[in-house]
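Trainee: Hi! I'm new to this one, could you walk me through it?
Mentor: Happy to, let's open it up.
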Amino acid sequence: YKNLINIKDIRKDSFKDYAGFQLDKKQRGKWANACNGLSPTTINTDISTLNVIFTWMVNNDHLDPIHKPVIQRIKNRTKFRDEANPAFLPDDWQAFKDVLYKFDQGYENEYETWRRRWFINYVRFMYGGGFRPHESRKIRFGDVELNTQRKDGKPVAIIQIDTETKTGKREMVMNGNTFKNLKYHLNKGIKIRNKQIREKNEKLLGGQKVHDFHNRSYKEPLPEVAPISKDDFILMNPFLNGKRRVYHESYIRDWMNMILKECDFKRRYTIYSLRSTHISYALLNGQSVNKVSKNVGTSMEMIQKTYDGLSARYSIDDLGFFKDTNVPKEEDI
């Protein structure tokens, strides 16, 4: 848009129209979904990233300090939590799950089946715990305690949330079975990956050329993936060579968008909508605002302001229909 090809082309005013350009966008994302501009929060996040990049350029003598742009953040006057990350409405939630649970079907490649099923477990985990995405990425197996203190004997996962998150350290509880499914699937992934490694190593030792996912040749035999330890992330991807990391956020967003595109909803749901849905359903199931707010790490005021207003939409079967004794035949009104 600005015809900036090299760093040397950057001037102090080169990015002064950046926010306005993003607010005028008519399409967004990999799937080019129709929109009326990006959200102010998304734009401000990008602006923060760009400002960091410009500072790095100056510090490393790539950019003259007198040409360093400083992009001003824009004011967010929208109700971001209501509009950008809405909770799933009941019919939409059912439709979303119908598509989600078919996401791993029809693949003969066990690796492809495994990673798609990983996303199914990820969605269930995020909805079941009401986590912020950045919180879930930091949870390690050593942060989780399983017990059966419930009266019905069902397992409960007690999870320590990292101090380096939005609201700091806290302890929360969720369905232990959801966590156990996540752990079981990771163990299965480690077995699949080690099978791949053994096959590759046999070919390599036999003098054949072996390539990784990026078409790079292996020079030495690969070590097998070690069993899960308490220091491993619960959302770990065992298919990264020697790196026990979580799937990159871009993969998770792409998978979410694939399902949302097939559903073709009118509302703009996101990964963060899983948290919104968790909170909304918890309130409508009769849990107190105080308990919910402490468990998900937000204020009671924020929950009441943002999520309580959804209760009418979720209670269509209970609200608005009553008996009027003055009407003949006691017809439903």
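Mentor: One term to start: buried means under 20% relative accessible area, exposed over 50%, and partly exposed in between, with a 1.4 Å probe and protein chains only. Helices (H or I, at least four residues) and strands (E, at least two) are DSSP runs, numbered from the N terminus.
Trainee: And what kind of model is this?
Mentor: This is a predicted model, where local features need pLDDT of at least 70, side-chain atom pairs count only at pLDDT 80 or more, and totals for chains, interfaces and linings use all residues. Residues are numbered from 1 along each chain as its sequence is written, and side-chain values use heavy atoms, leaving out hydrogens and water.
Trainee: Ok, which residues of H8 are buried?
Mentor: They are Ile252, Trp255, Met256, Ile259, Leu260 and Cys263. Seen down the axis of H8, these buried residues fall within an arc of 130°, so they line one face of the helix. The arc is taken from the directions from the helix axis to the C-beta atoms.
Trainee: Why would they end up on one side?
Mentor: An α-helix has 3.6 residues a turn, so residues three or four places apart point the same way.
Trainee: What covers the buried residues of H8?
Mentor: The cover includes helix H4 (90–100) and helix H5 (110–129), counting contact as heavy atoms within 4.5 Å.
Trainee: New topic: which residues of H5 meet H9?
Mentor: Val123, Met126, Tyr127, Gly128 and Gly129 of H5 do, against Leu274, Thr277, His278 and Tyr281 in H9.
Trainee: Last one, where is Ser293?
Mentor: Ser293 is in helix H10 (residues 289–296), and at 3% relative accessibility it counts as buried. Beyond its neighbours within four places in sequence, Ser293 is in contact with Thr298, Ser299, Met300 and Ile303.
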